[in-house]
Protein chains: 2
Amino acid sequence: MTSINVEKYKLSDKTAKLTAKDIIPCVQSSDSAETREFLHKIAELLVDYVNVQNDRKEKILDFHHPEDMKKLLSLEIPEDAVTLQQLVKDCAMTLKYQVKTGHPHFFNQLSCGLDVVSMAGEWLTATANTNMFTYEIAPVFILMETVVLTKMRKIIGWDGGDSILAPGGSISNLYAFLAARHKMFPNYKEHGARAVPGELVMFTSDQCHYSVKSCAAVCGLGTDNCVMVPSDEHGRIIPAELERLILERKARGHIPFFVNATAGTTVLGAFDPINTIADICQKYNCWFHVDAAWGGGLLLSNKYRHPRFTGIERCDSITWNPHKLMGALLQCSSIHFKEDGLLISCNQMSAEYLFMTDKLYDISYDTGDKVIQCGRHNDIFKLWLQWRSKGTEGFAKHMDQLMELAEYEVKRIRQQSDKFYLIMEPECVNVSFWYIPKRLRGVPHDAKKEQELGKICPIIKSRMMQSGTLMVGYQPDDRRPNFFRSIISSIAVTEADVDFMLNEIDRLGQDL
Amino acid sequence: MTSINVEKYKLSDKTAKLTAKDIIPCVQSSDSAETREFLHKIAELLVDYVNVQNDRKEKILDFHHPEDMKKLLSLEIPEDAVTLQQLVKDCAMTLKYQVKTGHPHFFNQLSCGLDVVSMAGEWLTATANTNMFTYEIAPVFILMETVVLTKMRKIIGWDGGDSILAPGGSISNLYAFLAARHKMFPNYKEHGARAVPGELVMFTSDQCHYSVKSCAAVCGLGTDNCVMVPSDEHGRIIPAELERLILERKARGHIPFFVNATAGTTVLGAFDPINTIADICQKYNCWFHVDAAWGGGLLLSNKYRHPRFTGIERCDSITWNPHKLMGALLQCSSIHFKEDGLLISCNQMSAEYLFMTDKLYDISYDTGDKVIQCGRHNDIFKLWLQWRSKGTEGFAKHMDQLMELAEYEVKRIRQQSDKFYLIMEPECVNVSFWYIPKRLRGVPHDAKKEQELGKICPIIKSRMMQSGTLMVGYQPDDRRPNFFRSIISSIAVTEADVDFMLNEIDRLGQDL
């Protein structure tokens with residue numbers, strides 16, 4: 001197997017010249033050979049890509065600057081139809097230049113490998129092309145959603161409650177915010193800010209995902225009223241600071257009502273102390289939301305669940321993205337509530353023209369009226385199929401494997417302390433470190449050296465993108481200049497791949 | 001070709017017994033025969049489904065009540081992995097019981113056929129499994145998004161501006177609302193309601209999609225401050241009423257700031273008069289948003305664009321869903337702004353750890369910081385590929401074909417006025433009508449008869465679901481009891497299918 005060959009995927013002479021109007025659904029055929037040929041050719045290309053991507057000798061990407069890439073590809077929309085053969089070529093060309101996010105040497109953030117079963121599920125989802133709206137049009141998928149979300153709530157530690165799948169963690173966090181506001185101030189939905197006798201204030205750590213602050217902007221509190229609580233050196237919220245800031249706002253006549261804890265912060269992978277925050281929320285009558293978009297998968301692991309999630313059943317809502325650690329295909333994000341009935345009471349706009357009560361079947365299965373979307377993508381099938389393919393036991397092992405690999409990486413970094421500087425013991429699969437080029441080895445570690453180490457991150461990153469051999473992210477944070485943050489969230493990764501990553505960074509950066 | 005046979009899709013004896021841990025990415029293979037076999041078997045099933053779905057002799061659905069369906073399917077998540085053979089069977093079973101939303105006799109709302117090219121695009125999207133976040137990880141897709149959205153803005157009538165793809169029309173409308181508030185009250189993002197000297201008020205017709213009202217709830221105005229303007233008997237907003245209500249709110253010291261016009265209302269398919277509303281918005285300094293989620297496709301048609309969209313270039317923002325009339329796979333919704341720069345200034349939360357400015361490439365291509373999502377599904381590829389498969393000319397013809405079929409339906413209903421009562425001349429592909437059973441034929445049409453006609457809609461709907469031959473929606477509105485609303489939005493539909501629909505309703509309902 002070699003890289004994607006754009007010219008390989010040839011349709012028969014007859015089919016090659018056809019266009020979309022010659023295949024289903026434009027032709028009234030109940031069995032169209034040309035449609036079959038076209039789709040099987042696409043499948044052949046995709047199956048090749050899945051294999052190529054898994055080949056460690058293959059590059060992850062073939063980097064070109066945007067202006068050059070535009071010239072390589074022919075992206076314009078023509079006036080007239082292109083042929084089926086051209087469409088197949090378009091697909092091959094697209095994959096040739098796309099970043100292979102499922103490659104075993106992809107340690108960047110934002111992709112978590114390519115689970116082939118979840119992918120097969122997403123192919124089916126596309127083919128079924130339905131809307132998660134009513135039992136009427138999505139009977140099987142609506143039932144699957146019920147089964148899987150109920151299971152997830154059980155894993156959280158709740159017997160009842162309610163959940164929904166949302167298009168990403170940011171929207172899931174928004175759902176939590178809205179439900180909290182509605183529960184605590186039921187008139188807000190109708191009356192807006194007039195419904196409350198003062199300014200509503202929310203609290204989160206300075207390490208939280210930016211979508212939490214975004215809620216304050218979107219929902220009209222203003223970002224001023226999203227209080228960023230300081231975190232400790234491990235990136236965990238400082239509970240005493242949270243309490244101090246709640247009291248400070250109360251003293252100003254404000255109304256603290258919502259606290260977000262993060263279970264797996266974006267950069268450091270830190271876990272805020274759930275039980276301690278739950279106590280504070282209880283004391284000050286605040287809604288307790290946990291953003292476990294990133295870390296949620298570890299709920300499945302007996303080995304790593306505690307102490308990270310100890311007390312999780314005390315929260316009011318939790319965001320948990322199967323498309324992150326669990327490797328379900330993007331998008332697959334879930335939001336869970338301890339109390340049932342809130343989603344519908346918060347979000348329904350009584351669209352009687354869509355949700356009639358004189359239907360044939362038990363309408364309690366219809367979900368359309370409890371979401372802020374109307375059309376909603378089917379995000380459940382790929383997760384359901386993937387979960388069955390592993391079993392709950394297998395999913396737990398999958399989580400353990402990722403964490404154990406992160407532990408292996410930490411060990412290897414420690415063993416090569418001349419070349420690498422571990423910034424902290426990680427709590428999740430994020431490993432933060434600096435690479436030390438030859439000229440800085442042996443130089444005492446201080447703030448000045450950190451500045452130097454920070455400067456070389458973008459250079460190494462740029463070299464790795466141009467060589468195409470590796471993808472690892474870097475960023476600064478409040479305490480440090482740029483540092484590398486490798487993410488092990490793909491089941492394809494092995495110990496040898498971790499060693500490859502460290503060696504490759506050394507190869508690319510030792511002269512800097 | 002007959003219906004999906006769950007037992008047909010047999011893997012080889014060896015592969016059948018394997019589980020997910022025996023295929024890519026769990027096995028370190030650069031070319032796994034078992035992975036290939038599994039995926040090609042899934043593709044075979046999906047290609048069969050595409051053909052079966054297009055067979056007019058096939059049922060659209062095999063209806064079972066939720067409790068019965070649960071027994072037919074085995075939905076539970078096991079502790080241990082199921083085999084690859086079982087996964088294939090799971091997929092076949094799912095498709096067997098799923099509603100065939102692309103069947104040529106599906107005239108229900110919320111599905112618009114199955115465009116096979118768009119579907120192939122979505123298969124590729126799944127396989128590429130990336131995040132529309134930065135050029136770094138999605139170079140090809142990010143460039144495609146730029147090309148297609150720029151083209152859509154040109155079609156709207158704008159040379160500049162900015163756009164984004166969002167997970168559905170409701171979120172697109174939310175984007176418009178947020179940008180409007182930010183443009184007119186730049187301090188709102190930070191200070192919330194304190195930034196304005198009075199209550200913000202938005203206006204929309206009583207026929208609008210409920211997501212517009214939902215913006216008022218989500219964003220903290222309160223639904224009280226979403227004024228529902230009366231519509232005329234065709235479902236179009238009454239401009240004089242809009243102006244009267246703006247003045248009424250101004251007199252109360254409120255701040256009218258946002259007007260939504262609907263281009264293609266959900267139930268009647270009505271188009272609000274754009275130019276007249278633009279004049280009013282100009283006069284009262286309101287942001288002018290057009291929700292063309294449903295009707296937007298007609299912008300492509302020379303024949304039907306005017307007068308429906310005359311003046312559209314005057315609006316400030318427009319929602320336009322390719323996953324509706326244009327038949328792109330769900331989800332594919334776009335929101336366009338006349339002014340560039342608003343999306344980023346409104347939505348960015350300055351997450352420096354994600355959007356560093358010391359990158360290798362021109363970061364102006366990164367989209368992550370201008371959306372309220374963080375992870376964002378790739379919704380562009382399926383639309384880009386589909387558009388190339390038709391050409392802009394072909395897409396225009398596609399729109400014309402849908403509208404001409406709706407006109408044919410209207411003609412056939414008029415020709416059978418003993419059996420059908422046309423409620424109004426439609427402006428879009430929604431055709432609203434009552435069916436008249438034998439006992440009511442010849443009875444003068446009055447309010448009492450309408451009540452009778454309304455009562456039989458759910459009965460016919462229930463019969464059609466149980467017979468599985470047809471799907472057509474019904475609902476009441478402010479002026480009428482239940483009536484049928486057929487939607488012709490699938491390119492698979494022909495005149496013969498329209499006749500089938502009317503005849504089948506007659507067959508199912510004549511004894512009522």
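By a nonpolar core I mean a set of buried Ala, Val, Leu, Ile, Met, Phe, Trp, Tyr and Cys residues joined through side-chain atoms within 4.5 Å. Please keep in mind that this is a predicted model.

The largest such core holds 316 residues. Which residues have the most contacts inside it? They are Phe38(A), Trp123(A), Phe38(B) and Trp123(B).

Take Phe38(B) as an example. Leaving aside residues up to four places away in sequence, Phe38(B) touches Val116(A), Val117(A) and Ala120(A) in chain A. In chain B, its partners are Leu11(B), Ile23(B), Leu84(B), Leu87(B) and Val88(B).

Now the interface. The size of an interface is often given as the accessible area lost when the parts come together. For chain A and chain B, the buried area is about 14900 Å², with 63% of that coming from carbon and sulfur atoms. In terms of residues, 165 of chain A are in contact with 165 of chain B.

What about charges and polar groups? Ten salt bridges are found across the interface of chain A and chain B. Arg194(A) and Asp224(B) form a salt bridge through their side chains, at 3.7 Å from N to O. Between the two chains, 68 residue pairs are in polar contact.

On the side of chain A that touches chain B, helix H2 (residues 33-53) of chain A gives the largest share, 14 residues. By class, that side has 87 nonpolar, 46 polar and 32 charged residues.

Note on methods. Residues numbered from 1 in each chain as written. Chains lettered and ligands numbered in written order. Predicted model: local features only at pLDDT ≥ 70, side-chain atom pairs only at ≥ 80, totals over all residues. Heavy atoms only, no water. Buried < 20%, exposed > 50% of the residue type's maximum accessible area, 1.4 Å probe, protein only. Contact = heavy atoms within 4.5 Å. Buried area = accessible area lost by both parts, 1.4 Å probe. Salt bridge = Lys/Arg side-chain N within 4 Å of Asp/Glu carboxyl O. Polar contact = N/O pair within 3.5 Å; in protein donor to acceptor, adjacent residues only side chain to side chain. Helix = DSSP H or I, 4+ residues; strand = E, 2+ residues; numbered from the N terminus. Nonpolar A, V, L, I, M, F, W, Y, C, P; charged D, E, K, R; others polar.
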